[in-house]
Amino acid sequence: MSNFGTWLLSELEARNLNQAELARRAKSTEATISRIIVGKRGASAKLCNAIARALDLPPELVLYKAGIIHKTGEYSSLVSTIAHRVSLLPEKDQTIILRLI
């Protein structure tokens with residue numbers, strides 16, 4: 001299993017998802033996801049972006065974990081995920097969240 005495959009499998013387990021569901025959400029095939037997890041193939045940038053959308057993760061994090069980009073910035077994965085999710089909210093809601101921090 002590749003480092004990316006191990007990471008991806010742990011993300012699926014944390015979300016109680018299986019490979020078939022990830023494939024459906026990412027508009028890929030279960031065979032492709034399986035080959036990525038066992039390290040028989042790499043993930044393209046396009047597929048990494050689809051996986052990020054499917055798992056509600058920042059694309060930069062998935063691209064980094066797949067080895068496509070080399071640095072996600074100075075923030076942890078958790079901070080990147082929070083920033084990504086907040087960025088998807090309407091500006092009014094973002095302002096409310098900033099007041100809470």
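## Ile97 in helix 7

Ile97 sits in helix 7 (residues 91–100) of this predicted model; helices here are DSSP runs of H or I with at least four residues, numbered from the N terminus. With a relative accessibility of 27%, Ile97 counts as partly exposed (between buried, under 20% relative accessible area, and exposed, over 50%, using a 1.4 Å probe and protein chains only).

Setting aside neighbours within four places in sequence, Ile97 is in contact with Val86 and Leu89, where contact means heavy atoms within 4.5 Å. Glu60 lies 37 residues from Ile97 along the chain, and their C-alpha atoms are 22 Å apart.

## Helix 1 against helix 4

Helix 1 (residues 3–14) packs with helix 4 (residues 45–55) at an angle of about 20°, and their axes are 12 Å apart. The two helices are therefore roughly parallel, a label for angles under 35 degrees.

On the helix 1 side, the contact is made by Phe4, Leu8, Glu11 and Leu12; helix 4 brings Cys48, Ile51 and Leu55.

## Confidence and conventions

The protein chain averages a pLDDT of 89, and 93% of the residues score at least 70; pLDDT is the predictor's confidence in each residue, from 0 to 100. Confidence is highest in helix 2 (residues 19–25), at a mean of 98, and lowest in helix 6 (residues 77–87), at 79.

Local features in this predicted model need pLDDT of at least 70, side-chain atom pairs count only at pLDDT 80 or more, and totals for chains, interfaces and linings use all residues. Residues are numbered from 1 along each chain as its sequence is written, and side-chain values use heavy atoms, leaving out hydrogens and water.

How values were computed:
Axes are lines fitted to C-alpha atoms, for helices over the stretch in contact, and angles run from 0 to 180 degrees between N-to-C directions. Angles under 35 degrees count as roughly parallel, over 145 as roughly antiparallel, 65 to 115 as roughly perpendicular and the rest as oblique.
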